[in-house]
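I opened this notebook to record, entry by entry, what I looked up in the structure shown here.

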Amino acid sequence: MAPAKRCNVSLAATAEKSVKKAKIDINAQVERILESRKNANDVFDILEALESEKEKDVVSAANACSKLFCTLLEKKELFLGKLPGEEEAVSGECSAEEKYQMFMRHRYNSCVELLLEHLSHDLHGVKESALCCLMKFAAGEGKYPLEDLDWTEHYSFPRELLQAVVDRLLSKTTDNSMLISRFQEFLEMEDVRYYVMSSIRENVGKVMDKNKGALVPIYQNNVFTLMSNISIPSQESELTNFMVKQEAKHEDWKAAKLNEHKRVFERMWLGFLKYKLPSNMYKKILVILHDSILPHMSKPTLMIDFLTAAYEVGGAISLLALNGLFVLIHQHNLDYPDFYKNLYNLLEPSVFHVKYRARFFHLANLFLSSSHLPVYLVAAFAKRLARLALTAPPTALLIVLPFVYNLIRRHPSCRVLLHKPSTEGELLEDPYLMDEEDPVKCRALESSLWEIKTLQKHYHPDVAKAALAINTPLSGKEDDINEVLEITTHELMERDLKKSQIKNIPLEFEIATQLLKGGGDVLGQHFCLD
């Protein structure tokens, strides 16, 4: 067995040496190519290694290509302008210098194509190496352009190369979230971010129109992942980190203007949201909408169609749409006539069990904080919440009860719900219409909050104690519901278990010490009498 083991060790060592030798050979070939043009054909060996099936070989070849072609770009030894075909370059009347530059430019184009294909490779290491190499090429092309750009709008930025990278990142069949996360480093550069946003918008339009607006879940998830990694600076003075610094008229460059960033950012999101989305993506978008999207848009009111459509979907999606609507109503003077009617209809038993319960009640509290709301509307919300409270869990009741009390404190006219005068012989029937969708017609003011009186017999002591508050006049100070918004059942149980217990409970005034002993005790005397 021992000789076999030594043989295996020697084979592994040999394999390791061969890998190191391959790396040395590739790096040596790069040096030879750069030293003398006579060794130009060695570039084929490097490109062949780039097509290897072994991850280490591909990564080494990608690093070698990065060094080789970035150096050639810097030395301006790649052909500039419209590139002729290889046959035309060889047969044409060109100088040796031009033929060499055309040859190397063709090899550079081949390298770029291989690296773009590797962005769809099965191995993440290969994808990452290809991405980093392509972005180095983009930086090199930006500084030393290969084309004479006629349109000064884009200056010398390698827009076509970046568009090709974005197209591969937004795969229709592969989840590229890890690779997109790696790409986030490059999105911190202002010009890269600007042109990436334009590329995303263009790509989404082509793909979704080709699929006639049908759902493409993997693709749409890749698009969302890439877009959600984009954040716009708040001030133009923060636009300082550029991959390509323009030599002239940098200040006039669109990529250097914050308003242009916001405009492209807005068009990118609107272009994505106008198509049908997977239901789970609505939630992802609405969670970040008020913090990461609306503040960076030049015209946030353009999101009203998306938000109102999401608000009318129902369930958790409607709850999440509240955040965006809140921003538009309070900061951009949005007029939404049926807002309170829709908010009223969101009050269903499921609202106490959804993941976003705390956010919903926080926003609902803000929306109902105005003292100018009509009494019938406030009464409708208070009554509906009280009715739902009959079947709500204790954690929800600790939110609902102070919520209802605050509504009554803000609107003293609603106190009639607490002290409803009655006449003898009146039928004990609640006139409130629970199934009525319009708060105007639900007849809440004709009813009372008998449900809270019922909760005074609740099994949980904290709930029963909170319900007892209606037996006494409510104080003028509102309850702070923020303290209980995030409370969970586990926390409620832990709090109850930590309550102090009375350890020593006196059972008798004097402790009996002689009860079971013989002699002169009472029990012994009884035996003597017998």
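I began with lysine 127, which I found in helix H6, residues 124–143 (helices are DSSP runs of H or I with at least four residues, numbered from the N terminus). The model is predicted, so I noted that local features need pLDDT of at least 70 and side-chain atom pairs count only at pLDDT 80 or more, while totals for chains, interfaces and linings use all residues. Residues are numbered from 1 along each chain as its sequence is written, and side-chain values use heavy atoms, with hydrogens and water left out.

Leaving aside neighbours within four places in sequence, I listed the residues in contact with lysine 127, among them His118, Thr174 and Leu179 (contact means heavy atoms within 4.5 Å).

Next I followed H6 to helix H8, residues 177–187, and noted that the two axes come within 10 Å and cross at roughly 25° (axes are lines fitted to C-alpha atoms, for helices over the stretch in contact, with angles from 0 to 180 degrees between N-to-C directions). That makes H6 roughly parallel to H8, a term for angles under 35 degrees. On the H6 side I found Lys127 again, including it with Leu131 and Met135 among the residues that meet H8, where Leu179 and Phe183 are among the partners.

Methods
Helices (H or I, at least four residues) and strands (E, at least two) are DSSP runs, numbered from the N terminus. Angles under 35 degrees count as roughly parallel, over 145 as roughly antiparallel, 65 to 115 as roughly perpendicular and the rest as oblique.
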